[in-house]
Amino acid sequence: MNPKRCAACKYLRRRCPKDCIFSPYFPPNDPAKFAWIHRIYGAGNVSKMLQQLPDQTRAEAVESLCFEAKCRVDDPVYGCVGIIHFLQTQIQQTQNQLAKTQAEIALAQTKLSQTHNSDFM
Amino acid sequence: MSSSGNPSSSGGGGPCGACKFLRRKCVAGCIFAPYFDSEQGAAHFAAVHKVFGASNVSKLLQHVPEHKRPDAVVSICFEAQARLRDPIYGCVSHIVSLQQQVVSLQTELSYLQAHLATLELPQPQPPPVPVSSSGSLQALSITDLPSISPSVYDLSSIFEPVMSSTWAMQQQPRPSDHLFGVPSSSSIGGGGELQALAREFIHSGQMPAQPSPGTSGSGSTVIKRE
């Protein structure tokens with residue numbers, strides 16, 4: 001067995017060939033990363049996905065897949081859709097606060113201008 | 001997905017969309033049958049199968065309580081479609097875009113609140129200097145994103161705002177710039193198509209239309225807290 005097997009081949013208990021598609025992205029010191037990916041997507045599906053991508057984009061694809069897999073492991077019902085919902089809620093709340101603050105600013109400016117006008121009279 | 005609320009087997013109505021796609025017999029108690037009808041369900045299952053694989057989805061659903069499975073199926077379908085449209089980033093690009101919106105809005109809010117504070121002071125003050133919220137414009141990272149497990153989600157509220165989200169604007173920096181620190185020259189595309197697909201999920205009966213025992217579907221994607 002190659003002592004320098006990538007995390008994927010270690011997990012799958014197989015020899016790690018020189019052209020292993022996983023080895024650039026799953027170093028042996030981070031076994032959890034591949035474990036999430038395999039649990040949610042399966043090694044075969046990820047291999048097919050990566051083969052269809054240009055080399056220079058595969059690292060980013062692996063990172064996004066890992067993120068989504070981890071979200072799904074943590075939240076089996078909503079996965080990363082839960083995060084989308086959370087962020088959209090935050091956006092709505094912040095927009096409401098913005099509108100309220102803008103109204104308060106308008107009111108404060110009106111009061112200030114009325115104060116200045118009465119000072120000059 | 002099925003809109004009949006048939007909770008279990010395909011009965012005499014033919015195979016469910018999943019079994020139709022897999023070209024196998026749809027047995028009584030098929031785990032996919034309530035969520036993938038034999039018409040449009042097959043197309044949606046195709047995406048799910050391509051990204052996740054039927055056996056992985058089956059295992060996922062088995063570990064989810066039955067009343068939560070409709071939501072789980074919708075979110076899985078959403079992620080699968082997002083991944084097919086953007087094979088590099090999937091729905092992560094949308095998450096990054098939303099997070100940037102949050103940061104931008106919070107920065108604007110901080111500035112306005114500081115401005116309001118100066119207006120409400122008893123004595124005239126010099127014009128406020130725009131406040132740069134420390135840390136609010138720092139580079140985004142996947143690790144900054146929360147891990148959320150709420151008990152109630154209105155999935156329609158997730159999909160409908162997608163239609164007016166910045167995916168359509170396509171002017172956002174690449175997710176990789178924030179997530180991974182690696183500049184990328186590729187472009188995000190297909191946001192409009194995903195929005196249309198998300199709309200289709202909601203309006204074409206993709207969720208159980210009728211409430212049925214053991215499920216919380218009520219004709220929409222809103223799951224009420226019990």
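Chain B of this predicted model has an average pLDDT of 69, with 48% of its residues scoring at least 70, where pLDDT is the predictor's confidence in each residue, on a scale from 0 to 100. Confidence within chain B is highest in helix 4 of chain B, at a mean of 96, and lowest in helix 8 of chain B (residues 191–203), at 45; helices here are DSSP runs of H or I with at least four residues, numbered from the N terminus. Two stretches of chain B have a pLDDT below 50: residues 2–10, with 28 contacts beyond near neighbours in sequence, and residues 161–226, with 145 such contacts, a contact being heavy atoms within 4.5 Å. The model as a whole scores ipTM 0.87 and pTM 0.69.

In soluble globular proteins, nonpolar side chains tend to be buried together. The largest nonpolar core in this model has 54 residues, and among those with the most contacts inside it are Phe22(A), Tyr41(A), Cys16(B) and Phe52(B). Such a core is a set of buried Ala, Val, Leu, Ile, Met, Phe, Trp, Tyr and Cys residues joined through side-chain atoms within 4.5 Å, and buried means under 20% relative accessible area, exposed over 50% and partly exposed in between, with a 1.4 Å probe and protein chains only. Helix 4 of chain A gives the largest share of this core, 6 residues. Leaving aside residues up to four places away in sequence, Phe52(B) touches Ile40(A), Tyr41(A) and Asn45(A) as well as Val57(B), Ile76(B), Glu79(B) and Ala80(B). A second, separate core of 24 residues includes Phe67(A), Val81(A), Leu105(B) and Leu112(B).

Within chain B, the axes of helix 3 of chain B and helix 4 of chain B come within 10 Å and cross at roughly 145°; axes are lines fitted to C-alpha atoms, for helices over the stretch in contact, and angles run from 0 to 180 degrees between N-to-C directions. Val57(B), Leu60(B), Leu61(B) and Gln62(B) in helix 3 of chain B meet Arg69(B), Ala72(B), Val73(B) and Ile76(B) in helix 4 of chain B.

Cys30(B) lies in the loop between helix 1 and helix 2 of chain B, and Cys30(B) counts as buried because its relative accessibility is 6%. The C-alpha atoms of Cys30(B) and Ala18(B), which are 12 residues apart along the chain, are separated by 9.3 Å.

Residues are numbered from 1 along each chain as its sequence is written, while chains are lettered from A and ligands numbered from 1 in the order in which they are written. Local features need pLDDT of at least 70 and side-chain atom pairs count only at pLDDT 80 or more, whereas totals for chains, interfaces and linings use all residues, and side-chain values use heavy atoms, with hydrogens and water left out.

Methods:
Helix = DSSP H or I, 4+ residues; strand = E, 2+ residues; numbered from the N terminus.
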